[in-house]
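Trainee: I would like to learn how to read a protein model. Can we go through one together, step by step?

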Amino acid sequence: MSRYKFLLFDLDGTLMDTAPGIFSVVRYTMEKMGLEEPPNMRRFLGPPLFRSMKEFCGLDDERAWEAVRIYREKYPVDGLFDSEKFEGVEDILKELRNDGFVLGVATSKPEPFARSLLEHFDMAKYFTFIGGSGVDGARDTKQEVIEYTLENLGVTDRNSVLMIGDRLHDIVGAKECGLDSVYVLWGYGSREEAEECGADIIVETPADCRSYIISGN
């Protein structure tokens, strides 16, 4: 029997392929701010947006928040639903829910956007709570989002919680919260990153992920 009861899922790159919409709105934001498109756009997939704007575009705090504002005005209108489900992910969500696990979302995406996206693709029904960052800049680290989600799920035993994500921020955030973690390779990261950030387990496919959860080892 698995020792886990609560399963926290990242959204971008774990539950859904949201890259097309994110890329298009980052390009729009750069154009509106008179900036060139940054190299390696994939770096925007995973980290909190404010930090990405500072680190990858070289913006100071004021300009970075302006970029975030432009992005978040445009994204729900023209980018949010330019996304696709990853093959096999919804199947394991359904199975894990039926197996008695409590499922939650812990994403750096603003919470209203995350809810709208999952509702649009009929996936919100699998989750007891969908936690995300605040539109006002609150919960701008993965650790804060995870803590917020744990609180809303009523978790008292952190040994019963598993964080599932596709980037180092998910794994580092889980460690900071005292949680076990799974790094999935169907998303936006890499095996090299997974090994460097110290994930407890690395899985190739959604089916592999479910098998690990069920075994609890």
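**A buried arginine and its surroundings**

Mentor: Start with Arg-72, which is buried, with a relative accessible area of 14%. Keep in mind that this is a predicted model.

Trainee: Which helix does Arg-72 lie in?

Mentor: Begin with the residue we already have. Arg-72 is buried. Its place is in helix α3.

Trainee: How many aromatic pairs does the structure hold?

Mentor: A pair of aromatic rings is described by the distance of the centres and the angle of the planes. Rings pair if their centres lie within 6.5 Å. The number of aromatic pairs in the structure is six.

Trainee: Is the pair of Phe-9 and Phe-127 stacked or edge-to-face?

Mentor: The centres of Phe-9 and Phe-127 are 6.3 Å apart. The angle between their planes is 70°. Planes over 60 degrees apart count as edge-to-face. So the pair of Phe-9 and Phe-127 is edge-to-face.

Trainee: How far apart in sequence are the parts that Phe-9 and Phe-127 tie together?

Mentor: Phe-9 lies in strand β1 (residues 6–9). Phe-127 lies in the loop between α5 (111–120) and β5 (129–133). The pair therefore ties together parts whose distance in sequence is 118 residues.

Trainee: Is Phe-9 buried or exposed?

Mentor: The relative accessibility of Phe-9 is 2%. Buried means under 20%. So Phe-9 counts as buried.

Trainee: Are the rings of Tyr-71 and Tyr-75 stacked or edge-to-face?

Mentor: The ring centres of Tyr-71 and Tyr-75 lie 5.2 Å apart. Their planes are at 15°. Planes under 30 degrees apart count as stacked. So the pair of Tyr-71 and Tyr-75 is stacked.

Trainee: Which helix holds both Tyr-71 and Tyr-75?

Mentor: Tyr-71 and Tyr-75 are four residues apart, about one turn of the helix. Tyr-71 is buried at 7% relative accessible area, and Tyr-75 is buried at 0%. Both lie in helix α3.

Trainee: Which ring does the charged end of Lys-74 sit over?

Mentor: The charged end of Arg-115 sits over the ring of Phe-129, 5.5 Å from its centre. For Lys-74, the distance to the ring centre is 4.5 Å. The ring under the charged end of Lys-74 is that of Tyr-28.

Trainee: How many residues of strand β4 are buried?

Mentor: Strand β4 spans residues 102–110. Four bridges join β4 to β1, and the two run parallel. Strand β4 is mostly covered. Of its nine residues, the number buried is nine.

Trainee: In β5, which residue is the bridge partner of Ala-106?

Mentor: β4 and β5 pair in the parallel sense over four bridges. The bridge partner of Ala-106 in β5 is Gly-131.

Trainee: What is the hand of the crossover from β4 to β5?

Mentor: The chain leaves β4 and passes through α5 to reach β5. That is a β-α-β crossover. Its hand is right-handed.

Definitions and conventions:
Residues numbered from 1 in each chain as written. Predicted model: local features only at pLDDT ≥ 70, side-chain atom pairs only at ≥ 80, totals over all residues. Heavy atoms only, no water. Buried < 20%, exposed > 50% of the residue type's maximum accessible area, 1.4 Å probe, protein only. Lys NZ or Arg CZ within 6 Å of the ring centre and 35° of its normal. Pairing = 2+ DSSP bridges. Right-handed = clockwise from strand over helix to strand, strands pointing away.
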